[in-house]
Amino acid sequence: MFLINCPYCGERDQQEFKAGGEAHIQRPRQPTELSDDEWAEYLFMRKNIKGVQFERWNHAHGCRKWFNMIRDTSNDEIKAIYKMGEKPPAQ
Amino acid sequence: MTKNLRVKSSEYIDETNRISFKFNGKTYHGFKGDTLASALLANNVHLVGRSFKYHRPRGIMTSGSEEPNAIVQINPGTNRTEPNVRATEVEIYEGLEASSQNCWPSVEFDIGGINNFLSPFFPAGFYYKTFMWPASFWKKYEFFIRHSAGLGKSPTSSDPDIYDHRNIHYDVLVVGAGISGILAAKNAAKNNFKTLLVDEKNELGGSTVYENNEFNKINNKTPSEWLKKEIEELKNIKNLEIKTRTSVAAYHQYNYLLARENLTDHLEAKDKTNKIRQRLLKIRAKKVILATGALERPLIFNNNDRPGIMLSSAIKKYSEFYGVACGSKIVFFTNNDSAYESALSLYNKGINVESIVDIRDQSESKIVKKIKDAGIKIYWSHTIVDTAGYKRLNSVSIMKLSNDGTSVTGSKISISCDCLGVAGGWTPAVHLYTQSGSKLKFDEEKQIFLPNQNTSEQISVGSCDGDFKINEIIKNLNQKLKDTLNIKETDLDNIKVEIDQENSKRNIWLLPSDKPLGKTKPFVDYQNDATAKDIKLALREGFRSIEHVKRYTTTGMGTDQGKLGNMHALGIIADTAGVKMGELGTTTFRPPYTPLTFGTIVGRNVGKFFDIFRRTPMNDWHVENKAEFENVGQWKRAWYYPINGETMHQAVQRESKAARESVGILDASTLGKIDIQGSDASEFLNRVYTNAWSKLAIGKCRYGLMLNEDGMVYDDGVTTRLGENHYIMTTTTGGAANVLGKLEDYLQTEWPELDVYLTSVTDHYATASLCGPNSKKILKKIIPDLDLSDENFPHMSFKEAKIGNIKCRIMRISFTGEHSYEINVQASYGKDLWEKCMEAGKEFNITPYGTETMHLLRAEKGFIIVGQDTDGTMTPIDLQMDWIVSKKKYDFIGKRSLYRSDTMREDRKQLVGLLTEDPNVVLEEGSQIVSELNQSPVEMLGHVTSSYFSPNLNKSIALAVVKGGKDMMGKQLSVPMENKNINVTVANPVFYDEKNERLNA
C-alpha cells in the first residue's frame, strides 16, 4: 500500500487514490485529420513496462486533482510526483 | 496414560489457578498460563493429530506459531469453532474444548492411516498423474477427493463475535519483543520516537526470559534475570505502547503493516461476549525495526515425524517456561551446541537425559564439557537412521556417519527413549522482511538467508539478522539503533556480556539412513507429508524452479507455509541439482505470516455494513407505503408499490396505466446532478456531448448523449441552462460518480485552458417527477401563480418557482413520453414536496410508481437506459440515435471513433424493437436471438435487452440488439428457450405515441 505525496494535500494512503494509466499521452488536437491507425495508437496503445514508468494518478477521495507520478514498477518505488502540465523532473 | 509431568513451578504458570479443559472429549487439567500444547504435554499427551496425506500420527513439535503438526479444531460444534488452530498458541481457559483434525473415527484409531501403508502408491504429483483420465471421470474423482481431503471444519452458523479495524501511526514500529526488540523499543521511545512494540505471544521477552544458562551473563546476571528487569522498566517509558498477543500478518511497501491483535481468545466464554475479539491494526510507521527472531530447524532423517519428536528449543521452553517435562527418557539429536543448552536445562531440573547424538565430531565449549561431566553419553559423528513407535516414539537407532556425511557405517545402536529433541541450527525469521519487498542473500558460511537490500526505512536486528549470540546481538543492535535513529548514546553502550557458545555446526540437509532413500520417510514438510524422496522425484521428473517443485510436491503449502522445512527443501534441491543455495533463491513468503480469521479481515463490514447504501430524502414515505426496493448502484430505490397483496406484475401494470391515464409520481432524487459553471461552460458541453450546446437558450433543457473516446455510449441525461455561464447536468443514477470523474479528468488534463467548474449536487436536491395528463393540474394547485401554459412553459424548458417559501427548480422534461414535470427542491424538503404532491393529487388518484414502471413506460417509447440497453459496445449509430450526433461540430469526445472501420460496419449489433407472435408471451431479458435454427452451430444474432408486458398497448414489447437489425424491419426471428421457440418480429423500437403527441396533452 503506497504512501502517496499528493502535490496538493501531502502524504496520503493509496486507498484515497485512483490510478489513471500512462501519463503524457496528449489527446490529438485534430482527431479528424488522423488515419485509423494513428487514432488507434492514441486510443488503445499503452506501455506496461517493468521498470520506470510515467503514470497519471487522481486523488479521487481527496482533492480530486490529477497529477503525474514516476514509479518503478519493479519495486514500486515512487521516484517523483509532479503536477499536471509540469515537465517531469530530471531522473 | 495421564501422569503429571510438571517438573517445577514456573513464574509464568499460576499453579493456584487450576483449569479444566477437554481434548477429544476427555477432560484434562492445566494451569493458568499454559497453552493447550503445554497442558497436553503435562498430561503426557503427545499424539494430537494425523498428517494430511498419510494420516500418520503426529505430536506437538514446537512451542510457537511455526507449529506444523499440532493443529486442532477449537470448540467444535459451536458457533465459535475455529479450525486449523495451532495448539502451541492456544492459551487454555476454563471450558475450552479442542479436538484433533483429519482423522476418523478418532486420532487413536484413524481409518485414513491405511494411506501410510499405501504410501509407495502416493508419490509426488499422485493426483495430477492419476486422476487425469478419462477426462469425463474428474467429477467422480473430485467427489471422493474433496471428502477425504481437508483439515478442520468451518463453522456452520454465523460468528457471534465483534471484529474491528484501526488505523494507527508511529515513528517506530518494533516487531517482536525478544531481547533485541525490547532493547530497540526502549531506546527508540527514550529518544522521543513514538514507538509501538508488538509480539505474538502473551508475554514479553522471547526466549531470553527463560535463558538461565550459567555460562552466559549480561552485567553479571543470567540473561533471564537481566532482561526481566529491563521489561519491568518498560512500563515507565513514555512514548512506548506495547501490544502483546499481536501478530504482524503482513508487511507491505512504504512501511504499511497489518497486525492482528487478539483480545478475547484467551478468555472464558462468559467473558467474551460484547467484546471485540480480534482487531486488525493497519499500521504506518516511519521506521520499522524487525526483531522477529529465528526458528529452530529440525533435522531431516528417516521417520523424523513421530509423536515425541520435537524441536530441542521447544523442549527447553516447555521445561523452563511452562515447567513441563516432555518425556522421562529424552534423547537429543543435534548438529550444533543448542541441544546442549536444552539438555543442561533438563538435567538441572532432574529430567533424565538419556544421551546426545551429535553429527559433529567434537565441540570444545564449556557447556558441552558440563554435559560430559554430568555423565550424559554423547555419540559424536553419529546420526539417527530410524525411529520406532507408532503413536509415541519408543526408540531411535543410530549409526556412525561417514566423513562426507552421505552414508552410515558400522553397527546399529538402539537407544530407548520417549522423546527426541532435534536441533538443526537456526533459521532467521525473514518472512516479514521479504514481504516488504526487501531482498535476501545467502550466507554460505552460516547456511542461512540474511536481510541484504532494504527497500523501506527498516532494519533487522537480533537473530533475524543472523546474530545468534548475545554479545553479537547487543553490539550490532547498538550500532544499528544509532545509525537508524540518528542518536549518539544508547542504554547498550555500557553493557558487559560474557558468553560461551561455539559456532561450530555441521550442516547436512538430508541425513542418510542404512536403508535406501526409497525405503525411508524423511519428512521435509510435516503438515503436507512431503518427504525428501518426493523432492528428489520432482527433480528427476524435470522440475527445476523452486516454485515449481514447491507446487508439485506441496512442500511449504500447508497452513504453516513450511516454516520449519522450507530451508531443507531448498538445501536438498541445491545438493541434488548441484547448484548453490544462493543461486536457487527462495520461494515467495506471502502474507499472512500466520492465518487470519475472516472476521478479522472484514472487521465491522458485515450485515448491513457489508456494502454502504444511500437513501433518498423521501425514503421514509416509501417505507411507510410498503414499497419494495431495488439496488441501483449504492442507492435503495423504490421499485414498485404493491397494494392489497399485488404481485410485482400486477402493481407495475396498475402503476403504468395510471401514469398514462391520470398522473403518476416518481422519486427521481437519485439521478446524478452536476452543477457546471464558468465562462466556457457551453464550449465544455459541446466537447463532452455529441450534440450542439452553444445555441441552447437560458431556461431551456436538452437531452445529451456522452460517449467514451472509443465512440461507445457512456452516459445520458438532460442538461438545463440556468444562466449565461451556468448549467445543471443530470446523469444516470449509477453513472454519476464516474461521469464527474471523467469530466474532471478532461478539464484538468486535456483542456486546462477552459474556465469551467464542476460540483456534484446529487445529494443536495430531492426530485419528484410528476407524469401524466393530470400532472399540470397538480402543479397548478401547488404553485398557483406559475404560468404553466405551453407558450410560457413548453416541453424542454425550466422555471424557478416557490412552493410557499421553498425555492424549487422545475423542468418540464419527460422520460415516459407523457406531459411531465421534474420538481427539484433542497434535499431536506424532499419529503414535504412529495407529501404536498400526494395531497394535491388525491382528486386525480395520483399513483406513486417505482423504477420498474419507469422502465416499462420508457420502453414503450423506445428510450434507452444506458447500462441496460447498452453495454459499452454500442455507438449512438448502433442505437439508431444518429439524430443526436452533430455533423457540424469539429470535435467531441468519441467523434473520431465513429468513423473507424469497425464502428462503421453494417453488421454491428443495432437496437431494434421486438414484438412476439403471441402478444401475451413476454421474452426473458438476456435471451439469445437467432434467425436460422437448423444450422449448426446456430448463429447468435443478438439478445433481448429490455422486455415487458405493456398494459397501455395490451401486448408484449421488447428492445433488443441484433446484428444488422436496422435493415431487418418486419423480419421474423426466433428466440429459442429451454422448451420452446418464441417467434418474434423486428419492429420500430418506439412502440407508443410515435408522434410524441402526449407530451403536450
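Which residue of chain A forms a salt bridge with Glu709(B)? Select Arg27(A) together with Glu709(B): the closest N and O atoms of this salt bridge are 2.5 Å apart. A salt bridge here is a side-chain nitrogen of Lys or Arg within 4 Å of a carboxyl oxygen of Asp or Glu.

Before going on, some ground rules. This is a predicted model, in which local features need pLDDT of at least 70 and side-chain atom pairs count only at pLDDT 80 or more, while totals for chains, interfaces and linings use all residues; side-chain values use heavy atoms, with hydrogens and water left out. Residues are numbered from 1 along each chain as its sequence is written, and chains are lettered from A and ligands numbered from 1 in the order in which they are written.

**Stop 1: chain A**

Helices (H or I, at least four residues) and strands (E, at least two) are DSSP runs, numbered from the N terminus. The C-alpha trace of chain A spans about 45 × 30 × 25 Å along its principal axes.

**Stop 2: the interface of chains A and B**

Bring chain B back. The contact takes 29 residues from chain A and 28 residues from chain B, where contact means heavy atoms within 4.5 Å. About 2500 Å² is buried between the two chains, and carbon and sulfur atoms give 43% of that area. Buried area is the accessible area (1.4 Å probe) that two parts lose on being put together, summed over both. Now select Met1(A), Arg27(A) and Arg64(A): in chain A these lose the most area to chain B, together 28% of what that side buries.

Between chain A and chain B the count is seven salt bridges; over all chains it comes to 69. The interface also has 21 residue pairs in polar contact, both residues being at pLDDT 80 or more. A polar contact is a pair of N or O atoms within 3.5 Å; within protein, one must be able to donate a hydrogen and the other to accept it, and residues adjacent in sequence count only if both atoms are side-chain atoms.

Next, colour helix H1 (36–44) and strand E6 (77–83) of chain A, the elements that give two or more residues to the side touching chain B. H1(A) gives the most, with five residues. By class, this side of chain A has 13 nonpolar, six polar and 10 charged residues. Ala, Val, Leu, Ile, Met, Phe, Trp, Tyr, Cys and Pro count as nonpolar, Asp, Glu, Lys and Arg as charged, and the others, Gly among them, as polar.

**Stop 3: two arginines of chain A**

Select Arg64(A) and Glu744(B), whose side chains meet in a salt bridge (2.8 Å, N to O). Arg64(A) lies in the loop between strand E4 (52–58) and strand E5 (66–72) of chain A, and Glu744(B) in helix H21 (residues 736–750) of chain B, so the pair joins two chains. What is phi of Arg64(A) near? The value is near 65°, positive in a residue other than glycine. Most residues other than glycine have a negative phi, and most peptide bonds are trans.

Move to Arg29(A), in the loop between strand E3 (18–22) and H1 of chain A. Not counting residues up to four places away in sequence, Arg29(A) touches Glu750(B), Glu753(B) and Tyr890(B). Phe2(A) is 27 residues from Arg29(A) in sequence and 35 Å from it in space, C-alpha to C-alpha.

**Stop 4: cis peptide bonds in chain B**

Select Pro591(B) and Pro592(B), joined by a cis peptide bond with omega about -5°. Pro592(B) lies in the loop between helix H16 (581–584) and helix H17 (598–602) of chain B. Then select Ser936(B) and Pro937(B), where a cis peptide bond has omega about 0°. Pro937(B) is in the loop between strand E45 (928–930) and strand E46 (940–950) of chain B.

**Stop 5: Ser20(B)**

Ser20(B) is found in strand E1 (residues 14–23) of chain B. Beyond residues up to four places away in sequence, Ser20(B) touches several others, among them Thr27(B), Tyr93(B) and Glu94(B). With Glu94(B) there is a polar contact, side chain to side chain (2.5 Å).
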